[in-house]
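Work through the following exercises with the model open in a viewer. Each task is followed by a solution in steps.

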Amino acid sequence: MGFNKRWINIDQIKVQYSTGGIDAVKRYLDSPDALIITDEESSDILAKYRSKVSDQELDKIINKYICI
């Protein structure tokens, strides 16, 4: 069985969000075994997600960073 890691940055989160919304971002953050965060924005989004905030709150924080 393999070990899946994913490098995360705000640009990748932006792509996921623009193509599939909040659900795509959540799947993107849930699927690998390990996440390697490369910027503060992504770190903040991941922290909010892991703290089980509502989808509306997570949506708000993502929009703050990707400026949609």
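**Exercise 1.** Find which polar contact joins the side chains of tyrosine 28 and glutamine 12, and describe the surroundings of tyrosine 28.

*Solution.* Step 1: the side chains of tyrosine 28 and glutamine 12 are linked by a polar contact of 3.3 Å. A polar contact is a pair of N or O atoms within 3.5 Å; within protein, one must be able to donate a hydrogen and the other to accept it, and residues adjacent in sequence count only if both atoms are side-chain atoms. The model is predicted: local features need pLDDT of at least 70, side-chain atom pairs count only at pLDDT 80 or more, and totals for chains, interfaces and linings use all residues. Residues are numbered from 1 along each chain as its sequence is written, and side-chain values use heavy atoms, with hydrogens and water left out.

Step 1: tyrosine 28 belongs to helix α1, residues 10-30. Helices (H or I, at least four residues) and strands (E, at least two) are DSSP runs, numbered from the N terminus.

Step 2: tyrosine 28 has a relative accessible area of 12% and is therefore buried (buried means under 20% relative accessible area, exposed over 50%, partly exposed in between, with a 1.4 Å probe and protein chains only).

Step 3: apart from neighbours within four places in sequence, tyrosine 28 contacts Arg6, Trp7, Ile8, Gln12 and Gln16, where contact means heavy atoms within 4.5 Å. Tryptophan 7 is 21 residues from tyrosine 28 along the chain, and their C-alpha atoms are separated by 11 Å.

**Exercise 2.** Determine how α1 and α3 are oriented and which residues meet.

*Solution.* Step 1: two packed helices are described by the angle between their axes and the distance between the axes. Axes are lines fitted to C-alpha atoms, for helices over the stretch in contact, and angles run from 0 to 180 degrees between N-to-C directions.

Step 1: the axes of α1 and α3 come within 11 Å, crossing at roughly 155 degrees. α1 is therefore roughly antiparallel to α3 (angles under 35 degrees count as roughly parallel, over 145 as roughly antiparallel, 65 to 115 as roughly perpendicular and the rest as oblique).

Step 2: this crossing of α1 and α3 is left-handed. A crossing is left-handed if the near helix is turned anticlockwise from the far one by less than a right angle, and right-handed if clockwise.

Step 3: on the α1 side the residues are Ile10, Ile13, Lys14, Tyr17, Ile22, Val25 and Lys26; on the α3 side they are Asp55, Leu58, Asp59, Ile62, Asn63, Tyr65 and Ile66. By class, the contact of α1 with α3 has 9 nonpolar, 1 polar and 4 charged residues. Ala, Val, Leu, Ile, Met, Phe, Trp, Tyr, Cys and Pro count as nonpolar, Asp, Glu, Lys and Arg as charged, and the others, Gly among them, as polar.

Step 4: asparagine 63, in helix α3, is partly exposed at 22% relative accessibility.

**Exercise 3.** Describe the pair α2 and α3, then the loop between them.

*Solution.* Step 1: helix α2 (residues 40-50) and helix α3 (residues 55-66) have axes that come within 10 Å and cross at roughly 175 degrees. α2 and α3 are therefore roughly antiparallel.

Step 1: Glu41, Asp44, Ile45, Lys48 and Tyr49 of α2 make the contact with Leu58, Ile61, Ile62 and Tyr65 of α3. These residues of the contact of α2 with α3 comprise 6 nonpolar, no polar and 3 charged.

Step 2: tyrosine 49 is buried at 16% relative accessibility. Beyond four places in sequence, tyrosine 49 is in contact with Lys26, Leu29, Asp30 and Leu58.

Step 3: lysine 52 is in the loop between α2 and α3 and is exposed, with a relative accessible area of 71%. The phi of lysine 52 is near 65 degrees, a positive value in a residue other than glycine.
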